[in-house]
Amino acid sequence: MTDPETGRFLKGSKPWNFKGRYKRSDGYIDVYMPEHPHSHGRKGTQQRYIFEHVLIIERYLGRYLEPPECIHHINHIRDDNRLENLKLCQNNAEHKREHVPKFPNGEKSCSLCKQVKSLDQFPYRKSDPHISL
């Protein structure tokens, strides 16, 4: 319902095309679920939302997530909430390890000289020959 003078939606009313979910500016999808114990409010409102990827994992597991648990998007696309793209991490440290680049053959490209080198050839920054102090 809208205010006839301003044309804005009245507090507590939803637009006609509201489907109970929306995509946030950071790429995640929020689902309106005020009864969920871990729901969060949108800025400046009392509305209660939960991340869609959390709901999908919880439905698959048949339980709510415990406080240290978090979800990792395997392909790093925040709105790709297919079950096969989600991984349950036991804590935030495990989740951060998922974001560290992996070097399966023990080699990586040097960001300064662009040569591919084995990992043991990367010295600490203080003794790096590419950096003049």
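In what follows, a residue is called buried under 20% relative accessible area, exposed over 50%, and partly exposed in between. With that scale in hand, welcome to a short tour of this predicted model.

**Overall layout**

The protein chain has 133 residues, and buried residues make up 24% of them. Its secondary structure comes to 2 helices and 8 strands. Read from the N terminus, the order of elements is β-β-β-β-α-β-β-α-β-β. Among the contacts with a separation of 6 or more, 21% join residues 24 or more positions apart.

Let us go inside. In soluble globular proteins, nonpolar side chains tend to be buried together. Here the largest nonpolar core has 9 residues: Val31, Met33, Ile50, Val54, Leu55, Ile57, Leu65, Ile71 and Leu86. Helix α1, residues 52-61, supplies the largest share of this core, with 3 residues.

Leaving aside residues up to four places away in sequence, Leu86 touches His53, Ile56, Ile57, Ile71, His72, His73, Ile74, Asp80 and Asn81.

**Aromatic pairs**

Now for the rings. A pair of aromatic rings is described by the distance of the centres and the angle of the planes. Searching the whole structure gives 3 aromatic pairs, and two of them are set out here.

| Pair | Centre to centre | Angle between planes | Geometry |
|---|---|---|---|
| Tyr28 and Phe51 | 5.3 Å | 50 degrees | tilted |
| Tyr32 and Tyr49 | 5.4 Å | 65 degrees | edge-to-face |

The pair of Tyr28 and Phe51 links distant parts of the chain, 23 residues apart. Tyr28 sits in the loop between β1 (21-23) and β2 (29-32), while Phe51 belongs to strand β4, residues 48-51. Phe51 has a relative accessibility of 22%, so this residue counts as partly exposed.

Tyr32 is in strand β2 and Tyr49 in strand β4, so their pair ties together parts that are 17 residues apart in sequence.

**The largest pocket**

Where is there open space? Rolling a probe the size of a water molecule over the atoms shows where empty space is left. The largest pocket holds about 330 Å³ of space. It is lined by 19 residues, and those closest to its centre are Tyr28, Phe51, His53, Ile71 and His95.

Two or more lining residues come from each of β4, α1, β5 (70-73) and α2 (92-98). Of the elements, β5 gives the most to this lining, with 4 residues.

**Cysteines**

How many disulfides does the model contain? The count comes to 0. A disulfide calls for two cysteine sulfur atoms within 2.5 Å. The sulfur of Cys70 has its closest cysteine sulfur in Cys89, 4.9 Å away, which is too far for a bond. Cys70 counts as buried because its relative accessibility is 17%. Cys113, by contrast, is partly exposed, with a relative accessible area of 26%.

Definitions and conventions:
Residues are numbered from 1 along each chain as its sequence is written. This is a predicted model: local features need pLDDT of at least 70, side-chain atom pairs count only at pLDDT 80 or more; totals for chains, interfaces and linings use all residues. Side-chain values use heavy atoms; hydrogens and water are left out. A nonpolar core is a set of buried Ala, Val, Leu, Ile, Met, Phe, Trp, Tyr and Cys residues joined through side-chain atoms within 4.5 Å. Buried means under 20% relative accessible area, exposed over 50%, partly exposed in between (1.4 Å probe, protein chains only). Contact means heavy atoms within 4.5 Å. Rings of Phe, Tyr and Trp (its six-membered ring) pair if their centres lie within 6.5 Å; planes under 30 degrees apart count as stacked, over 60 as edge-to-face and the rest as tilted. On a 1 Å grid over the protein atoms alone, a cavity is a set of points where a 1.4 Å probe fits but cannot get out, and a pocket is an open set with protein on both sides within 12 Å along at least five of seven lines; lining residues have an atom within 4 Å of a point. Grid points are joined across faces, edges and corners, and a volume is the space filled by probe spheres set on the points.
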